[in-house]
Structure formats: C-alpha cells, structure tokens
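Thanks for making the time, everyone.

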Amino acid sequence: MHLYNLTLQHATAASHAIVGNFSGARQQEIIVSHGTRLELLRPDVQTGKIATVIATDVFGSIRSLAAFRLTGGNKDYAIVGSDSGRIIILDYDPKTSSFVKIHQETFGKSGARRIVPGQYLATDPRGRAVMIGAMEKAKLVYILNRDAAANLTISSPLEAHKNSAIIHHIVGVDVGFENPMFAALEVDYSESDQDPTGEAFMKTEKMLTYYELDLGLNHVVRKWSEPTDRRANLLVQVPGGQVAASDRFDGPSGVLICAEDHIIYRHMDSPQHRVPIPRRRNPVEDSNRGLIITAAVMHKMKGAFFFLLQSEEGDLYKVTIDHEDEEVKSLKIKYFDTVPVASSLGILKSGFLFVAAEFGNHHFYQFQKLGDDDEEPEVSSADFPSFGMADPSSPLRRAYFRPHPLDNLALADELESLNPVLDAKVMNLLPNSDTPQIFTINGRGARSTFRTLRHGLEVEETVSSELPGIPNAVWTTKVKEDDAFDSYIILSFVNGTLVLSIGENIEEVQDTGFLSSAPTLAVQQIGADALLQVHPHGIRHVLADRRVNEWRVPAGKTIVAATTNKRQVVVALSSAELVYFELDLDGQLNEYQDRKAMGSTVLALSIGEVPAGRQRTPYLAVGCEDQTVRVISLDPESTLETISLQALTAPPSAICIADMLDAGINKSQPTMFVNIGLQNGILLRTVLDPINGQLTDTRTRFLGTRPVKLIRVQVQGQPAILALSSRAWLNYTHQNMMHFTPLIFETLDYAWSFSAELCPEGLIGITSSVLRIFQIPRLGTKLKQDALQLSYTPRKFITHPTNQYFYVIESDHRVPGEDVVQTKVQELRTRNKTIDEEIFHLPPEQFGRPKAPAGTWASCIRIIDPIERRTVHRLALDNNEAAFSIAIVPFSARNNELHLVVGTAQETIVSPRSCKSGFLRLYQFTEDGAGLEFLHKTETDDVPLALLAFQGRLVAGVGKALRLYDVGKKKLLRKAENKTFSAAIVTLNTQGSRILVGDMQDSVAFAVYKAPENRLLVFADDNQPRWTTCATMVDYTTVAAADRFGNIFVNRLDVKVSDQVDDDPTGAGILHERGILMGAPHKTVLLTHFHVGDLITSIHKVAMIAGGREVLLYTGLHGTIGVLVPFVSKEDVDFISTLEQHMRTEQVSLIGRDHLAWRGYYVPVKAVVDGDLCEAFTRLPASKQSAIAIELDRTVGEVLKKLEQLRVTASGF
C-alpha cells in the first residue's frame, strides 16, 4: 500500500503573532505562526479587513517568533525559533512575494528538547541583539549588525547558561543605547533535586535575573538576580532610555512581572510596585481560584505608553505607569474590554488590535477610544502602603469590576478558524449537493460551535428580483469605454430583448438603439463610445449620437453564434460560414471580404480580449458539431486560416479564451487559455501557444450534468471565468496560482460581470425567472463554514441511521452545571444577599462561564438538525455528571428498536483519571428522533470512554475493561468482559464478530467475540505502544489510526491469521496460544507511517466526489483537514516518490528542518508521499522545474498535470 498525503485545509490555530513593517512599505503587517506554517496578513486600514498575502509551509515545528528591526532601519525581520536546532532570520521579499532565509545558525540538536534553545525568543528593543532560550539551562545571545552593503549580519553565539535552572520566560529590557540587557524568570532546582524530604522544594524561590551583553568585551554577564513572586509566569518589557533630542526619558525601564492575582513592576535599584488584578464579582464562582495573565502587549505612542494585559478569562486590562524620568510614581490597572482568550496580542499603529485566539476564530478590532475617560474603577499602587510591597508574601485586598460588552474596541474583521476540531463526520446530507459535506464540532467552552463545511466559495447576494418572463441570457455594458460603472442591463428572451438602465433604481428604457423585437446573441461596448448588439438577423452598431449602422444577414440564413471584443466581431451563420468584422480607426465596423466555410454547424465561438497596445487579438477558437475545436488566425497576413485542431469526446457547448496568470505555467506573464465546455458537463482547459497558435497541455474536469456555459468575468480586478453547469464554478487567480472552485449558490442559467456604485465588483446572473446580483467576498477559501453555537466543549457526536439528525455530547470541566448555579442563587436569595443580576445575563459565548473547583462538570446532550442548522432539543445532565461517549444501538432483545446510549461519569477528576461512579444512560427516541425519553442508567466502576453497537448489543470500553452489555428492564446486563488492556479504551470499531479496540497508550488490538463460549478474546495487537486518538477500519484486516504525537499509520493483520481466527468456533485456539512480547499471540504489520504535525482527532474512509475512489480523510486538532489517497499503479508510486526526493533537495525548509526527519519524527516515514511538498513544485523557478522534469523523463506540463489530477480526482479541490 502506498499513500499520497494532501492537505485540503491547513491548520488555522495561531500559536504566535507578530506585528511589523515586513515588506518595507509604510504599512504594518502581521505574521502568524500556525505551528507548521507561516502566514503574512495585511490589514486594509480603510475597510478594517485582513487579507492573506502569502502562506508557506515550513515542514517543521515553530516554537517561537519575534519581530526585529536594526537601529535606524525601516524594515522588520522575523526571527524564528523552531525544533530544527537553528536560529533563523527571515525577510519578506515583496517582489517575489515569498519569505527569504537570510541567516541560519546551527546551535544544537533537532527536535523539541528541554535544553536545546528555541522555546523563547527575546530581542533588544534597539535592534542590536537577540536572546534565544531553552526550557532549561541554555540561553544564547546573538549580536546583529549590518555590513558595508547594509546587509544584516549575525555574530557567533555568546552563552548565558545556568545549570539546573528552569526558565519560565525571557524578555529584552529597554535600556536605551547602553549595553543590551535581557531579563529572565528562572527557578534553580539543584537543591530540591538533592533533597528527598521535599523541604527544599517548598523553599525554592523564583528569581528575576538580568543578563547584560557587554558589547565592548563581547560576552554576557549575569548582572543582577533577585527573588520574586513564586507564581510569576510572564514578563513584559517597560519602555526606557533617553530620547535622543531631549533629556526626557521614554519610560522608567524595567519589567512588569505578571503573577497569580498580582502585577509587579520591578527594576534594578528601584522600589517595586504591586497591584492586584481586578476580578469579576460572581457569587457562584470558586473564590479561592487565582487569576493569571496569559497574554500581554505594550504600545508606545508619542510621549506615552500603555500595556494591555489579558487574563485567562479573556478580560483585557489597561496598565499605565506614572513616572518622572526614571522614577516610578505609581502603577495603575483598570478593566478595558473582554475579547476571546488569545495566544498573542498585537497592536498596530493605525489603531487596530489583532487577537490571535487560543481557540476559535481570530479577531481584528479597531480602537474606538483608549478607556481614559470612562467610569471604570482604577487601582493604583499608590493606594497601598509602600506601593503594595509592605508584605510581598501576603496577597493585597481584592479589586473587582463588572464586565461590559465591547466599549473601547469594535470588531472590524474575523478570521475563521476551525481550531480545535474535536470530532467530524463526512456525509452528503444537504439537498441538491453532489459532493459530501464535512460536519465538525469545534471550540472550547461557551465559544464552541458545530460547523458545516462545504467545498466552494461563499457568495453574498445583494439583489434578488423577479422578472416578467424567463430570460435565456443577461449582459451588462458601459456606454463609453472610460466609464467607471455599467449603464445598462440587457436581458434576452426567446422572442425579444429588454434593456434596463442602472441608476438610483433599475428601470426599463426604450431609446437605446437596441432592437427589442428579437432575442440577443451578444452585446459589446465597442470602440470609444459605441454599442453593439448581435441578434439572429444581423448586427446593430449603435453610435454615440444614437445613429444605427445595421448589417443584415443574407436571406434564408441566421446568426447562430457570435463572439466580440472591443475591436473585433465574429459571427457564425446557420450555413456554417464565419463572417469577420474589425473596427477601423474611424470607428466603422468593416467586414472582411471572404467568409470561411467550416463544413460543420458552428456551436460556439470565442476570441480573447484585445491585448494592451494592440489592434486585434490574433486567434479565434471555433467549436463545431463534428466534435472538434479549431484555432483560426485573425492576423492580417493569414486571415481566417485554420492553424490547429483538437478533437473532443462530445460536441462543444461553449468556448472561452482568456489570458490568466498561473505561476505554475508562467510566473512572469498571463497564459492564454482556451476553455472548452462540452455538452456532457466536462470542461477542457487547454493552453494556446501565443507564437504558433498550437493547443497543448489539456486538462479535464467534470463540472456537472448540464451542458457547460462559459463566461469571461472580472473578479477583484482580475480576469476570471465563470463555468455554469448543474453547479456554478469560478476559475480565478489568487496569490498567482490558478484556482477552480464551485460557488455555493443556486444553479445559474447565465451570468455576467456587474459593476455599479453599490456593488463595484459584482456578478449578475439569472436563475429561471429571477435576476440575482451577487459578489464573492473572499477568494482563496476552499471551504465555506456555517456555524451553530453550542453551550459547552463538544466531545463526540454521531448520526442517526434513518433521519438526518446529529446527537452531540458536550461537557466542560471546572464549570458549574445549570442546576448547581440555580440552587446557589436560590440559597443566596434566601439569605437575603444582594446579587448583581446583570452578571448572570452576560452572554457566555463572549464572557465565558463562571469557574468552579476541580471535579465539577457541566454537561448536556444536544440534537442538531444540520440542514436547517438549528438545535432541535437540548437535555442538560444533572448530579455533576459529564458525558464522555455516545452510541446508537439497535437492541435485538427489543426487536432492533434504536436506543441512544450515553456514557457518563460523576465527579470525574481528569488526571489521574478517576470518578465517583460511571454510568451508561439509556434513552428511547421520540418524535422520529427529535426527542429523547430517559429509560434507565447502569452504574459502572470507571469512565466509559467508548461505546459501540455490536450484533444487537452494546460493547463498551469502561476504563481498562472491554464489556458486552444487553438491555434489561431496569438496567443494562453485563454479558462478557475482557480486562487485559493496559491503560484505557478510547476507540471501538467493528465488522462481523471482530472488534478493533484502541487503547489510550497501547495502539490498536484485534478482539473477537465467540458466542458459543460467550468470550471476548484479544488475538492480535501492535508490536509497539502508541497513544491512540482515533481509528477506522480500512477493510476487514486493515486499520488506519492516529496517535497523540501527530502520526497517522496503517496496520494490517495477516489474512491467514484472520481466517484461522474466524474458523475457530469457540476461540479455544486463541486462548491456549502463547503470547508474544507480553501481549497477544499475533502481531499486526505496519504498512504506512507518516507524521502530519497535528493531533489527528478523526479518520474517515470516504469518497469525496461522486463516482470517485475512496480516500482516508482526517481532521486535526489545529483545524487541519487532509486526505490520504491510495496510488493506483506502481508507475505513479515511482514517479511521485522520485519527484518528492528531488523536491527535498530543491525546496529546503524555511526553518532549516530536514524534511525526511520531520515527516519521520517518531518513526521513519513509510510508504507515504508528502503531497504538500510535491505541490511546491508549481512555485519553483522555471529553470529548476525543467531540470527536475528532465530527471523524471517528463515535461514540466506533464508533472503539473499529474499533480493536479491526483488532487482533483481524490478530493475535487
């Protein structure tokens, strides 16, 4: 078995985000790290929208990211710390729109190790040095400078190691232009390591240490080290240093230390200031819980600065420091606003805040005000004795605030993010859809969602209006060449033409010079200020002064097809002749003296747009009924001569020539494509050679069941092609690459570009008798997401076999259940306590839910209708029970009636896993599955993490035990059990009497149920332990599974062993065989192995396109969606594997990680080719492309065609 891995949707989780002028322009951009991928985002200051400029796979794991600018420079560089054991400095090159590696310095082993630097990065604010640190011991400082040619230079590393020290955070200290200084939070564990009593551990202090880089002596010294709060977790740089022009200081210098419940200002030789972090006053919250800061950002303005700190609940606090020169007067903190919990915050000088959310969608806010003049209470260190440091070991009195909806910030844009995907299903449920949808459960806590993902571009409809009849075509046109917007909409009906003018409102007009008594075949704004209408009996040339020149068709003939551009017109007559017209310099339309006889009825014609600075386009494509397409010359030297011919498999229904940029074919200029739509719904895309007119490199794609119509349109200022069949597709260029994506919209009969003041970049289409004006807001997205809000973190969901409903279980730890909240509130009311009612009415999806002690759970079961995207029914669980598993079981003891079984546990502790009691709850379906009726619950001794219907009974993984249950009147009855598993059962799959059991730490085992002896027996397992997360059966003997470390693998059982087990009626043979390696008597063989770089949460064996082959589709925690495609032939395996080997040498990882080592992170990669690396072939320079193609004994076109074919036939993407 050989597989080809393709990522359909890259990870959307953002682990780091930095802001800077990376392109060197006077505009700030954002670089976001998605773990294994770097993305450059450019915000539009006018609209507040964010656009992706470039996204690059780094084939490695990014651990830290920092922006850096040399002193006096105007451009920022990105410094990357990764698992490659190297420090990398990247520069963004706007000319090639790519990241360029400037420096790569090796300092240690690869892999994310404790003592290899890469986890922390801190830069000197003046741009002179950078410190890269490890989790433990190692810190290196690099001096950065520029040489005579103004290029960035990097020094050898200087060590700042400290043995037996765990590093919690490092940051650069702003000391102006004195020697660069770095601050680190460190804990020395050498004493507690030696002390078995644990006393030394209790006395261990956390130190704030300053490291100074002496630029004169070129080494690093430990300047100052003092103990600080033991619960400190984050350092924030405070501005400092003198302003060059005056004696004024930018700030007091030093650092803010964020600790549990407190913020401390600290600097060498100056008094400390401490303030409490204000909290929400929620009566049901666990009052003993500490509050920590998880993200922080500092922003400098002219003569002032402030900090935004974010707590783990999402609340933003504004922190300011009152200072006189270097002396701090007070430290002040106040509540600012509440936004989603972020992994990184970034403030742009244009007045925006970027929130790279830890979970869920990323947000982009605009500052409305800075919260200076509001009524929020402010806490100052001056209010406490000795600035809050009278007794550093005891907490300060608590400060409280009341959360409010966004006041200082306004949401400008939202970037959709699937992170985290907890489970998924792939099925075709939506009406009128020929491809399956991906349904996912995402998110955490009250911001969780259920999402429907559909392949296609989102469409925003602006106008929908009924028409008097059913038109067969629509056009829009300007009146003059240099008009900004269109003036007329022309609708062609079977027996006439309707002209509408576009103004304040759209209304019918008569005096346009168009013939309204006949249908229209083509409309064109021609020359500088004239209009052209082609109808079956002639051509009307309407001049600017409304005079009409008409060319009439010879008697007995009609025009059957026409194509036009600004200067040329070609019509085909019913007698299979072509008539060619060209506009002369006086604006007159002249007919060429000869007519070209085609010998077969013409079905479609197309000429391209006139190239800039030219009189005409030299080629015409003609599709005839004899299933051919001919390219005909329009050059004055050889007018109407046939140049080349292409045979087709069906009669053509439409042809469209368009010049479009596809960097895979030509990076420097647009390529001329001939798109041919056939009557059987297939589209051919052929490259037309501009020199000799030959047709080469044909690609095919099935679009739908109706004959294809092709229309050349403008989308976001770029030429694009709309292809209409039973679905509408858009062929467009995005980030220099060609994309072909369906529109998620009703089936269109015809369409055209539309440009008006309200909708400058729109499209106009007709669906039977409805006129629709719409636009496509975001190009480049492959999946449209529709979300439904959930209450708690979703855990698993399943589908009903006979109706369309989904059943979702949700549960959140450390959150009080609804019943607990109500009883607490009632209790407080009976004691006549005053309760702030408003705090209970805050929307939880924005502010989260109150926190409770460990072992407290809130949970519910939800029934969702995915077609209407609504919650049909929601059932809350009480008694501190949380749901962990779910199954629909047809119990044979009850005439195969379907029941819902939910595995729950009471007072569960997550680690180490324990619970007061587990339960299996049994529900009966009511109202055709739209409701649930509780029947009974069965107690278990551990948490049931996996349930599955099996031969009319229930098989359950309860902790380490595999059990078989049947239904009884008062509870479920245990029939058989196997307790040989080592950790906990997390996945179950079945075929026949075979059960595949996924153990949390011990890979996948094959078990069988032998009914005569009523035994559950394990007869095969894996020869290496794996932390299984999900598994699916590929066939009766093969299983695809994934583990917690981001690996996906396929195991197979020997067919002989499989048959032998099936032929043994009682299982006595298995029972008495000797186990191998302390396990089962047989072992599975590893067929394929691949490191994806994301924790896989579900795997599905599914066909992604109608009539396509089955693939393995997987979803990853960070929002990854990918497919593993089986190769069909040995020839394909050899070809793609060789291409991958060449790409490994040509496409070197941006962060210096070896590709082979990355894809074989834990186990060497086996029998899987990395499609993402192979597809980077399209972005290589042309010289490298041809060199690789020659090695492969193919042309570049053939390699590109093969890569596209693999993607399209497997996924349709």
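Let me start with a pairing: the bridge partner of G81 is I87, which sits in β8. Before going on, a word of care: this is a predicted model, in which local features need pLDDT of at least 70 and side-chain atom pairs count only at pLDDT 80 or more, while totals for chains, interfaces and linings use all residues. Residues are numbered from 1 along each chain as its sequence is written, and side-chain values use heavy atoms, with hydrogens and water left out.

Strand β7 (residues 77-82) and strand β8 (residues 86-93) are antiparallel and share four bridges; helices (H or I, at least four residues) and strands (E, at least two) are DSSP runs numbered from the N terminus, and two strands count as paired if DSSP finds at least two bridges between them. Both belong to an open sheet of four strands, ordered β6-β7-β8-β9, with antiparallel pairing. At the edges stand β6 (62-68) and β9 (98-106), each with a single partner strand, so one side of each has no neighbour in the sheet. From one strand to the next, the twist averages 25°, where axes are lines fitted to C-alpha atoms, for helices over the stretch in contact, and angles run from 0 to 180 degrees between N-to-C directions.

Next, β43. All six of the six residues of this strand (residues 530-535) are buried, so β43 is largely enclosed by the rest of the structure; buried means under 20% relative accessible area, exposed over 50%, and partly exposed in between, with a 1.4 Å probe and protein chains only. In a regular strand the side chains alternate between the two faces of the sheet. Here A530, L532 and V534 point one way, and L531, Q533 and H535 the other.

Which residues does T476 contact, leaving aside its neighbours within four places in sequence? They are D486, Y488, I489, W752, S753, F754 and I764, contact meaning heavy atoms within 4.5 Å. T476 lies in strand β38 (residues 473-477) and is buried, with a relative accessible area of 9%. Its side chain makes a polar contact with the side chain of D486 at 3.1 Å, and the side chain of T476 also reaches the backbone oxygen of S753 at 2.5 Å. A polar contact is a pair of N or O atoms within 3.5 Å; within protein, one must be able to donate a hydrogen and the other to accept it, and residues adjacent in sequence count only if both atoms are side-chain atoms.

Finally, the helices. The 17 residues of α7 (residues 1130-1146) should span 24 Å at 1.5 Å a residue, and the end C-alpha atoms are 25 Å apart, which agrees; the expected span is 1.5 Å times one less than the number of residues. Among the buried residues of α7 are V1133, F1135 and L1139, and what covers the buried residues includes β1 (3-9), α10 (1182-1191) and α11 (1196-1211). After α11 comes G1212, whose phi is positive, near 75°.
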